[in-house]
Amino acid sequence: MKRQRASLQPTLAACALLGRLIRIARKEQRWSEDALAERALISRSTLQKVERGDPSVAIGIVFDCAHLVGVPLFADTEPSSPVRNLGQAIARADDRLALLPKRVRTPVSVDDDF
């Protein structure tokens, strides 16, 4: 069975959008690239990759930049208390995971035609 990779278009579009939102928020706060890069503990060139939506940048760095400029990462989080809301979302996800099987096995086709 040949494996196929899912289309990267949605991923690239999401990276590009998040990068643009980070750039907009940074400029609205009147922060230079150097200022945000220093706060995020990254180089200016890495920040430029983040703002371009380069998918090779580690997701943690992108999330740090988004958080620093106030870009909400998930639809149900509010800027006033993102940690509490994310904590609640994590708890709900854990509850759902508890209901699902611990392991998922690939179905095996059995030729039982005698």
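**View 1. The end of helix H3 and the face it buries.** H3 is followed by Gly 53, whose phi is positive, near 85°. This and every other view here comes from a predicted model. Within H3 (residues 44–52), the buried residues are Leu 47, Val 50 and Glu 51. They line one face of the helix, because their directions, seen down the axis of H3, fall within an arc of 95°. What do the buried residues of H3 pack against? Their partners are H1, H2 and H4.

View 2. Step over to H2, residues 33–40, where Glu 33, Leu 36, Ala 37 and Ala 40 are buried. Looking down the axis of H2, these buried residues fall within an arc of 100°, so they too line one face of their helix. The buried residues of H2 pack against H1, H3 and H4. Just after H2 comes Leu 41, which takes a positive phi of about 60°.

**View 3. Helices H1 and H4 crossing.** Two packed helices are described by the angle between their axes and the distance between the axes. Here the pair is H1 (residues 9–28) and H4 (residues 59–69), with axes that come within 9 Å and cross at roughly 35°. The handedness of this crossing is left-handed. On the H1 side, the contact is made by Leu 18, Ile 22, Ala 25 and Arg 26, and on the H4 side by Val 62, Cys 65, Ala 66 and Val 69. Sorted by class, the contact of H1 with H4 has seven nonpolar residues, one charged residue and no polar ones.

View 4. Is Arg 26 buried or exposed? Arg 26, found in helix H1, is buried, with a relative accessible area of 6%; the cut-off for "buried" is under 20%. Leaving aside neighbours within four places in sequence, Arg 26 is in contact with Trp 31, Ser 32, Glu 33, Leu 36, Leu 47, Glu 51 and Val 69. Val 69 belongs to the H4 side of the crossing with H1.

**View 5. Leu 68 on helix H4.** Leu 68 sits in helix H4 and is partly exposed, with a relative accessible area of 31%. Not counting residues up to four places away in sequence, Leu 68 touches Gln 29, Trp 31, Leu 36, Arg 39 and Ala 40. How many residues apart in sequence are Leu 68 and Ala 40? They are 28 residues apart, with 7.5 Å between them in space, C-alpha to C-alpha.

**View 6. Stepping back to the whole chain.** Of its 114 residues, 22% count as buried. The protein exposes about 9500 Å², and carbon and sulfur atoms supply 56% of that area. Among contacts between residues at least 6 apart in sequence, 51% join residues at least 24 apart.

Definitions and conventions. Residues are numbered from 1 along each chain as its sequence is written. This is a predicted model: local features need pLDDT of at least 70, side-chain atom pairs count only at pLDDT 80 or more; totals for chains, interfaces and linings use all residues. Side-chain values use heavy atoms; hydrogens and water are left out. Axes are lines fitted to C-alpha atoms, for helices over the stretch in contact, and angles run from 0 to 180 degrees between N-to-C directions. Helices (H or I, at least four residues) and strands (E, at least two) are DSSP runs, numbered from the N terminus. A crossing is left-handed if the near helix is turned anticlockwise from the far one by less than a right angle, and right-handed if clockwise. Contact means heavy atoms within 4.5 Å. Ala, Val, Leu, Ile, Met, Phe, Trp, Tyr, Cys and Pro count as nonpolar, Asp, Glu, Lys and Arg as charged, and the others, Gly among them, as polar. Buried means under 20% relative accessible area, exposed over 50%, partly exposed in between (1.4 Å probe, protein chains only). The arc is that of the directions from the helix axis to the C-beta atoms. Accessible areas come from the Shrake-Rupley method with a 1.4 Å probe; for residues, only the protein chains shown count as cover.
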